[in-house]
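Okay, thanks for making time this morning. I'd like to walk you through one model, so let me put it up on the screen.

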Amino acid sequence: MKNKILTTISTIMLFVPWTILPLRMFDWALESPVAEIMISCYAAFMIFSGVFTIISYVKAKAQNNLMKICLIVNGLYAVGGVAVFAMMVLPKIM
C-alpha cells in the first residue's frame with residue numbers, strides 16, 4: 001500500500017511543472033519580480049520532486065515500472081531545477 005501511495009505522489013509530481021506554461025500567458029507573470037519568484041518556486045519543486053522520487057525508489061523500495069519512469073523524468077526535472085538556480089545565481093556572483 002505504501003508503494004502505491006509513493007508511486008501516485010511521484011506520478012502527480014510529473015505534471016506539476018507543466019502548469020507554469022498556462023501561468024506564463026498572463027502579463028503579470030512576465031514582469032521581473034514575479035517571474036523570478038515563480039521560476040524559483042517551480043525549480044525548487046522540481047528539485048524536491050526529484051529527491052523525493054529517488055528516496056522513494058531507493059529507501060522505500062517502490063520499484064515498479066511506473067516508478068522507474070517517474071524516477072527518470074523527475075531526476076531530469078531535478079537536474080533542470082539545479083541548472084535554473086545556477087543560471088540565476090552565477091550572474092549575480094560574477
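Predicted model: local features only at pLDDT ≥ 70, side-chain atom pairs only at ≥ 80, totals over all residues.

You'll find Ser 49 in helix α3. And who does Ser 49 touch? Setting aside neighbours within four places in sequence, Ser 49 is in contact with Met 13 and Asn 74.

Helix α3 covers residues 32-58, and helix α4 covers residues 65-93. Their axes come within 7 Å of each other and cross at roughly 145 degrees. As for the hand, the crossing of α3 and α4 is left-handed. If you sort the residues of that contact by type, you get 16 nonpolar, eight polar and two charged.

Now over to Val 73, which sits in helix α4. Val 73 has a relative accessible area of 27%, so we call this one partly exposed. We've already met Met 13 as a contact of Ser 49. Well, Val 73 and Met 13 are 60 residues apart along the chain, and their C-alpha atoms are separated by 9.8 Å.

For another pair, have a look at Lys 4, in helix α1, which runs over residues 2-15. Take Lys 4 together with Tyr 42: they are 38 residues apart in sequence, and C-alpha to C-alpha they are 25 Å apart in space.

Last topic, the aromatics. How many aromatic pairs do we count? The count comes to two. Let me show you the pair formed by Phe 26 and Trp 28. The ring centres of Phe 26 and Trp 28 are 5.7 Å apart and the planes sit at 15 degrees, so this pair is stacked; the limit for stacked is under 30 degrees. What about the accessibility of those two? Phe 26 is at 43% relative accessibility, so that residue counts as partly exposed. Trp 28, at 44%, is partly exposed as well.

That's what I've got, so over to you for questions.

Key
Residues numbered from 1 in each chain as written. Heavy atoms only, no water. Axes fitted to C-alpha atoms, helices over the stretch in contact; angles between N-to-C directions. Helix = DSSP H or I, 4+ residues; strand = E, 2+ residues; numbered from the N terminus. Left-handed = near helix turned anticlockwise from the far one by under 90°. Nonpolar A, V, L, I, M, F, W, Y, C, P; charged D, E, K, R; others polar. Phe/Tyr/Trp six-rings, centres within 6.5 Å; stacked < 30°, edge-to-face > 60°. Buried < 20%, exposed > 50% of the residue type's maximum accessible area, 1.4 Å probe, protein only. Contact = heavy atoms within 4.5 Å.
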